Amino acid sequence: MNIITDKLPDSINIDGKDYRVHTDFKNWIKIGILFSDKRENISDAIAEILKLAYIDLPKDIKSAFYGVFKFYKGFSDEKTEEDDGVHKKSVFSYEYDAPYIQTAFKTQYNIDLQNEKMHWFKFLAYFKSLDENVMLMKIIGYRCADLTKIKDKSQKSFMRKMKRLYALPDKRTESEKEAEIIDALNILF
């Protein structure tokens, strides 16, 4: 699909039938927040995601959810660093970085996201093209910086401070944290 020449999609095809979806980026940001939400009852989150995404809900919930995930990624088949396991932690959050996202769009594109209606695919294109000098991109750079590759002590100290200052909240459960420690110990011994 070419975002310039093709009509932007307003449906998801499941088993040969098109199901209309909400295309406004605000719905899809809410869906992104729900994807990262750690809930006890996952079926509540899935129901909320499907309600936010679909105008016409398919009967096959598994395929419907997979379709939401594909639309969320912009129907892109390109692998991300997360797909390769390079970044196990998130480097940005639609929830916690909302002020930085708002400011980045206003600064770079003069778009006030609060008052804007925009297709999710356009939002993704703008987001992916944000300049490295806007604060959001600097923060993402801090979060994903590999301190082991920084040799200069003052630069490493600065980056360590920035990583702590702009770290996203740790949403893992206690059992997930313990499992990660056990995995790390198993690797060492």
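The buried residues of α5 are covered by elements that include α1, α3, α4 and α6; contact here means heavy atoms within 4.5 Å. Those buried residues are Trp120, Phe121, Phe123, Leu124 and Phe127, where buried is under 20% relative accessible area, exposed over 50% and partly exposed in between, with a 1.4 Å probe and protein chains only. They lie on the same side of α5, because they cover an arc of only 155° around the axis, taken from the directions from the helix axis to the C-beta atoms.

This is a predicted model: local features need pLDDT of at least 70, side-chain atom pairs count only at pLDDT 80 or more, and totals for chains, interfaces and linings use all residues. Residues are numbered from 1 along each chain as its sequence is written, and side-chain values use heavy atoms, leaving out hydrogens and water.

I turn to the core. Trp28, Tyr54, Tyr94, Trp120 and Phe123 touch the most other members among the 36 residues of the largest nonpolar core, that is, a set of buried Ala, Val, Leu, Ile, Met, Phe, Trp, Tyr and Cys residues joined through side-chain atoms within 4.5 Å. A second, separate core has eight residues, including Ala145, Leu147, Met162 and Tyr166.

What does Trp28 contact, leaving aside its neighbours within four places in sequence? Its partners are Val21, His22, Thr23, Ala53, Val68, Phe71, Tyr72 and Trp120.

Note on methods:
Helix = DSSP H or I, 4+ residues; strand = E, 2+ residues; numbered from the N terminus.
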